[in-house]
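The sequence and structure come next.

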Amino acid sequence: MAVDVPQPIVTRRFGLHESWTLRTYLDNGGYDGLRKALAMSRDDLVENVKTASLLGRGGAGFPAGQKWSMLRKAEPVYLVVNGDESEPATFKDHQLMVTDPHQVVEGALICAFAVGAAQAFIFVRGEFALGLERMTQAVNEAYEYGAIGRDIFGSGWSIDLVVHPGAGAYICGEETALLESLEGKRGFPRIKPPYFPAAIGLYGAPTVVNNVETVSNLPWITLNSGDAFAAMGEGRSTGTRIFSLSGRVNRPGNYEVEMAKTTFRDLFYDERFGNGIRDGRELKAFIPGGASAPWFGADKVDMPLDQDEVGKAGSMLGSGSIVAMDDTTCMVRAAWRITRFFHHESCGQCTPCREGAGWVDKVMYRIEQGAGREEDLDLLLDVCDNIAPGLSWPPQQTTICVLGPSIPSSIVSAIRMFRDEFLVHIKEGACPFT
Ligand SMILES: Cc1cc2nc3c(=O)[nH]c(=O)nc-3n(C[C@H](O)[C@H](O)[C@H](O)COP(=O)(O)O)c2cc1C
Ligand code: SF4
């Protein structure tokens, strides 16, 4: 039976004519959530988001309302919206910023008001030329309309919002590296503790960092209530979520579906979503939540898109990027390609990440090219074990940020699930898939 698709929340204006303009936004309920929020108490706003159980959509899945309650009691407070989105195969925030930038602005303003922020920033990946243009245009329009600036809608509340382009590094999506970058420094992650943004964030002040999709939910949650959001999904995985579906499916794209009620199978095979594996081939494995996530075999295809269920099964929904691999995919090459990415993006502060990424990149590459040795498999696992001791999930951390412990995910998944493919590469001295 086909899964129910509820009314979309964050993508509901996507098909509208010039959906990115203030005119279209206002004609379709735009800024009503902010008006309502400004008439509410800050405590009630935070409680509403806690009731919604809005889990962060940037990767870690931390509940937004809880994050806002953990801010150190000090002034000023800052809000930074994370629009860096550099995780391979994740492309939902870009679409949100290009297609409905006012929703991001309104969500940011509701969050800023709820936490009493003195200033808000939207950090947009530098390569997103159109995203930056649309976000900047939306912010300018919102200033003119009176939604940003002095005495917003006559409420007495004032705030400025700045769109800041990133300089094009994956690591600047990590929240503390992002704050360094925003301060004009090199994007090096900070050590936590003590530099949890809620305690010591931007310019040393308590700071909320929330993802673009996370804040995009806030206008709807404010207008319709946290209870209405929590009525969708199950357990902590409430509401809807956008999944960026790619790989060997017939219809790759961003799909907003109900959490926990929808399964990976629905996403891959339902004609409204992936519409099946390309050329009628077999699903072999899939990445359930971005390049950092351990892989699942096809036997997990009936698992619901539920953050806790996926966590219990040894992986994560992460950034909401799902990649399907079929029986024509070389798993050694797929794992090597992700490894290469992490090697390139390591900021270099921590030895296990900087050196380890380079070693495993080289060893994976030589196996894929047919020049590997059987001992290389133990060598790979040994180096991975030094990066993330125990090779368990969630990973043990020996590094400043979790980019390091993300490196082993694809390598260990590929070796554990497809060891035979590594051995064929080694024995035949070539990739059997080319
Ligand atoms: C290496 C690395 C890259 C990240 N990239 C992003 C990103 O591009 N966008 C994002 O929202 N979160 C990213 N995160 C997660 C952020 O650190 C942070 O958890 C998130 O922005 C918080 O927002 P949320 O609670 O609304 O999800 C990244 C984390 C790591 C370790
Ligand atoms: S784990 Fe890697 S990316 Fe993160 S701080 Fe250390 S070297 Fe930099």
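Axes here are lines fitted to C-alpha atoms, for helices over the stretch in contact, and angles run from 0 to 180 degrees between N-to-C directions; helices are DSSP runs (H or I, at least four residues) numbered from the N terminus. This is a predicted model, in which local features need pLDDT of at least 70, side-chain atom pairs count only at pLDDT 80 or more, and totals for chains, interfaces and linings use all residues. Residues are numbered from 1 along each chain as its sequence is written, chains are lettered from A and ligands numbered from 1 in the order in which they are written, and side-chain values use heavy atoms, with hydrogens and water left out.

Helix α14 (residues 331–345) and helix α15 (residues 351–368) have axes that come within 9 Å and cross at roughly 155°, and they are therefore roughly antiparallel to each other (angles over 145 degrees count as such). The contact (heavy atoms within 4.5 Å) involves, among others, Trp336 and His343 of α14 and Asp361 and Tyr365 of α15.

Helix α15 also packs with helix α16 (residues 375–387), at an angle of about 160° and with the axes 10 Å apart, which makes α15 roughly antiparallel to α16. Residues that meet there include Trp359 and Val363 in α15 and Leu380 and Val383 in α16.

Ligand 1 has 18 residues around it (a heavy atom within 4 Å), and Gly58, Lys67, Asn210, Asn211 and Thr214 come nearest.

| Residue | Distance to a ligand 1 oxygen atom |
|---|---|
| Arg57, polar backbone atom | 3.3 Å |
| Glu85, backbone N or O atom | 2.9 Å |
| Glu175, backbone N or O atom | 3.0 Å |

Terms used. Helices (H or I, at least four residues) and strands (E, at least two) are DSSP runs, numbered from the N terminus. Angles under 35 degrees count as roughly parallel, over 145 as roughly antiparallel, 65 to 115 as roughly perpendicular and the rest as oblique. A polar contact is a pair of N or O atoms within 3.5 Å; within protein, one must be able to donate a hydrogen and the other to accept it, and residues adjacent in sequence count only if both atoms are side-chain atoms.
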